[in-house]
Amino acid sequence: MQIRVKCCCGEGKCPEWAIVELQGVVEAQPDFQDRLQNLQIGLLCRPSSQENYTFTVGYHELTGSKVPLKKPLLVLKKIKHSNADEDSTTVNLSGVEMEVIGIIRHRILFKTRPKALISSKLLLVLLSF
Amino acid sequence: MDKEWMHHSRHSEAYLNGVDISNMVYRLQVQGHNGKMQMPPPRSSLNDTNERRKAEMTTCHLQKLKNLKMEQSRPDCCGGAAAVLNLQPNSSISVAYHPLFGPHDDLILLELDEKLLPDVLHHRVSFRGQPDEDAVLCTRSKTYAVKFVGTSNSVFLIPPSDPSGLHENEQDGDKVKRDNKAASSVIKVAPGSMELVEVAPRLDKLKMLLSENPYKFDEVFEMDELNEMVDCNMSLYRWDDLIDKVQASDDELRAALKSLSAVEIDGYWRLVDEDYMDGLLKMLLHNSVLNEWSLDALHEDEVVGVLQSDGFPCKIASHCLQVYGSEAEGSLGGRVWRLDERRVCIHFARGILQGGKMKMESFMGEWARKAPEGMQVNFDMLEGEVLTEKLGIQTWVYSFSVSSLPSSPAERFSLLFQERPKWEWKDLQPYIRDLRVPGLTSDGLLLKYTRRTQPTLDADPVFSAR
């Protein structure tokens, strides 16, 4: 079977997507695990004019930088044509197409260990447990 | 306990859509960490047994690309990818889960070379393969294997914001204090991406498909047979069927059809049965003697006309000229062909050796007799077609055609060493020169699949199996 890759963006006009990448996983507290939508993950800051960034997740701060990808990543979306419109015989048999909906050229990569944003007072509280 | 944590974290005052950020827990997956870093008390199942960004290559099957419906995204958070990528110095942006955040298995990341981008933008690429085959991506001229490369990092995918979706969520009724900072939304956490590796087209299947049902002599007279075959679902393949079934780019498929001497008859790509082809060529040569045609200048219209009156279909007759000849240049009015001495002679040599191996002298004698007048047979023509072996003082010739061998290097070498444990370079070369492996030179191929021995410095190297 053949799955065609379509692109409706026109030459060089693919909308650019972004990647924020970090080591490890971000977990929501159990109360929120089933409804992540709209939940804030963290705060992305650019403290200076350099391409350095911090990402604050809960009480952890990550330091990273914006890096161009060696090769671009295309964002493909699989589109399944419903068999309902069978009269249009031009659609290929598999009825599946891939559409390019975006391109990614940069990611903001956090590859360092996090710094804990914890006051020494709290640390004492913690340690006393 | 949680409350306390919240109040002491520096950003606990930040809210988005009424959700306190300290509901997020970040877990760094580092080996041998041993709990010395200030991590929150264990809450849920920690997955700390991690290796750093270990990418695992798994093969990706087309059928595995599940299809989940995703409504056209209308993020009601402003910002989007551009806000992240163009974040100004001394500013910050909130990164949140998109209102439509989910697994979105229908969204796939494909890494590809910058030079392939124009092909994609002009709709010249497609994935090809049967559900049980490893998918390949084909451009017009090349074939790429598709590999899924997983990552254990969290890769947050942020789509561009839909401008029309800006400031739309006022009526959402969230009376809770909203963050007035710009926000970017994560639609999906990508488990990895697809990577492309250029590969040789997988053409052995083409040969197999076309060999199922070659065009035969009796088909000519039974006009209804084609319809019958179509009705009976016999193996007949149109170009589109081949594209569906064979993992090769259009150009590669076209070249392969040509090298197999396939011909398109009534819309179906066929191989012509060897005996039929033999009869046709003999008839052509016979006619050229009768009509005093020069084998160096055969006028297509004339030749095809005569062959048609002998009962051969027009299409097959001109196919014969293409298989055994090359178009002569500078011809006025109609196409003119010159028969290729080598191809015609090889044809007769094959016919002679069909019955099994022969003594060299008797083979050469018979070959010279059978070749058309004006053509000189020469044993060198049979490179890659026959092998010789010495039994006592006699040299024997037998048929061993490179065209009957598989095109994947591993299988090819395995068969070659099955045939003969040791090969001299001059014998081996004709059987491997057509192998093309992207990124591997022919020396690289030899290094990978053979062991080279050279008894003395001036002796010819000998190749054996690894």
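**View 1. Strand E1 of chain A and its alternating side chains.** A residue is buried if 20 or more other C-beta atoms lie within 10 Å of its own, exposed if 12 or fewer, and partly exposed in between, with C-beta atoms placed from the backbone. The model is predicted: local features need pLDDT of at least 70, side-chain atom pairs count only at pLDDT 80 or more, and totals for chains, interfaces and linings use all residues. Residues are numbered from 1 along each chain as its sequence is written, and chains are lettered from A and ligands numbered from 1 in the order in which they are written.

**View 2. Strand partners of E1(A) in chain B and in chain A.** Helices (H or I, at least four residues) and strands (E, at least two) are DSSP runs, numbered from the N terminus. Two strands pair if DSSP finds at least two bridges between them. E1(A) pairs with strand E7 (residues 126-128) of chain B in the antiparallel sense, over three bridges. Here Arg4(A) has Ser126(B) as its bridge partner. With strand E7 (residues 96-110) of chain A, E1(A) runs parallel and is joined by four bridges. The bridge partner of Val5(A) in E7(A) is Met98(A).

**View 3. Val20(A) and Val84(B) in the largest nonpolar core.** A nonpolar core is a set of buried Ala, Val, Leu, Ile, Met, Phe, Trp, Tyr and Cys residues joined through C-beta atoms within 7 Å. The largest one holds 116 residues, and Val20(A) and Val84(B) touch the most other members. Two residues are in contact if their C-beta atoms, placed from the backbone, lie within 7 Å. Neighbours within four places in sequence aside, Val20(A) is in contact with Leu44(A), Phe55(A) and Ile108(A), and with Val84(B), Val95(B), Phe156(B) and Ile158(B) of chain B. Another core, of seven residues, lies apart from it and includes Phe413(B), Trp423(B), Tyr431(B) and Ile432(B).

**View 4. The open sheet E14-E16-E15 of chain B, with helix H11.** The three strands pair in the antiparallel sense. Strand E14 (298-299) and strand E15 (325-327) are the edge strands, each pairing on one side only. E15(B) and strand E16 (residues 336-339) run antiparallel and are joined by three bridges, and Ser326(B) has Arg338(B) of E16(B) as its bridge partner. H11(B) lies across E14, E15 and E16 of chain B and runs at about 95° to E15(B). Axes are lines fitted to C-alpha atoms, for helices over the stretch in contact, and angles run from 0 to 180 degrees between N-to-C directions.

**View 5. Helices H10 and H11 of chain B and the loop between them.** The axes of H10(B) and H11(B) come within 9 Å and cross at roughly 130°. H10(B) is therefore oblique to H11(B); angles under 35 degrees count as roughly parallel, over 145 as roughly antiparallel, 65 to 115 as roughly perpendicular and the rest as oblique. In H10(B), Glu300(B), Val303(B), Val304(B), Leu307(B) and Gln308(B) meet Cys314(B), Ala317(B), Ser318(B) and Leu321(B) of H11(B). Pro313(B) lies in the loop between helix H10 (300-309) and helix H11 (314-324). Pro313(B) is partly exposed because 16 other C-beta atoms lie within 10 Å.

**View 6. The open sheet E17-E19-E18 of chain B, with helix H12.** Its three strands are paired antiparallel, and the edge strands, each pairing on one side only, are strand E17 (358-359) and strand E18 (386-391). Six bridges link E18(B) to strand E19 (residues 394-399); Thr388(B) has Val397(B) in E19(B) as its bridge partner. Helix H12 (residues 341-353) packs on the sheet, touching E17, E18 and E19 of chain B, and its direction makes about 105° with that of E19(B).

**View 7. The packing of H12(B) with H13(B).** H12(B) and helix H13 (residues 360-370) pack at an angle of about 130°, with axes 10 Å apart. The two helices H12(B) and H13(B) are therefore oblique to each other. Phe348(B), Ala349(B) and Ile352(B) of H12(B) make the contact with Phe363(B), Glu366(B), Trp367(B) and Lys370(B) of H13(B).
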